[in-house]
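Hi,

Here is the model I promised to pass on. Have a look at it first, and my notes come after.

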Amino acid sequence: MIDREWKPNVTVAAVIERDGRFLLVEEHTPGGLRFNQPAGHLERDESLLEAVAREALEETAHRFVPEYLVGIYQWTRPQGDVTYLRFAYGGRVEGEEIGRRLDDGIVRAVWMTIDEVRATAERHRSPLILQCIEDWLAGQRHPLSLVRHY
């Protein structure tokens, strides 16, 4: 029998590169301070594109414009209690809202080189952070039309 109660958590993440640096956030988690892409959960009545733009703004104060789908990632936490289905989007920022208050739990937004991202892997919220960036650097860019929203 199929367990109809279980559902993965649908999340979005923004892969933002500018001048060889990637925009990440440092945030409080149950495991301490961790790095993540600007990311979060899809909300009711929201498209994935709307969600990723909203999350980037809320967590970094940068206006994000998604241009590509980098990839879709399925990851179950080591505890086995939560499975995430992440849609990672690459794109550009069109300005920053200086003085905007960041989401609760976000300590700061930080631009990091790929070497800095790799060097802090033990402080990443999940292995998806580095994987999404590595996929971006490998040239993974799929058209936004790959995912249809009705």
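Below is what I found, starting with the ground rules.

This is a predicted model, so local features need pLDDT of at least 70 and side-chain atom pairs count only at pLDDT 80 or more, while totals for chains, interfaces and linings use all residues. Residues are numbered from 1 along each chain as its sequence is written, and side-chain values use heavy atoms, with hydrogens and water left out.

First, the strands. Helices (H or I, at least four residues) and strands (E, at least two) are DSSP runs numbered from the N terminus, and two strands pair if DSSP finds at least two bridges between them. Strand S1 (residues 9-18) runs parallel to S6, with eight bridges joining them; Asn9 has Tyr84 as its bridge partner in S6. Strand S5 (residues 62-76) pairs with S6 too, in the antiparallel sense and over twelve bridges, and there Pro66 stands opposite Gly91. S5 and S6 make a hairpin with six residues between them, and Gly80 in the turn has a positive phi of about 80 degrees.

Next, the largest pocket. It holds about 550 Å³ of space, where a volume is the space filled by probe spheres set on grid points joined across faces, edges and corners. A pocket here is an open set of points on a 1 Å grid over the protein atoms alone where a 1.4 Å probe fits, with protein on both sides within 12 Å along at least five of seven lines; lining residues have an atom within 4 Å of a point. There are 22 lining residues, and Trp75, Arg77, Tyr84, Arg125 and Ser126 are the closest to the centre. S4 gives the largest share of the lining, three residues.

Asn36 sits in strand S3 and counts as buried because its relative accessibility is 7% (buried means under 20% relative accessible area, with a 1.4 Å probe and protein chains only). Its side chain makes a polar contact of 3.2 Å with that of Arg86 (a pair of N or O atoms within 3.5 Å, one able to donate a hydrogen and the other to accept it; residues adjacent in sequence count only if both atoms are side-chain atoms).

Glu46 lies in the loop between strand S4 (39-41) and helix H1 (48-60). At 13% relative accessibility, Glu46 is buried as well, and a 2.6 Å polar contact links its side chain to that of Arg54.

Cheers

Conventions. Buried means under 20% relative accessible area, exposed over 50%, partly exposed in between (1.4 Å probe, protein chains only).
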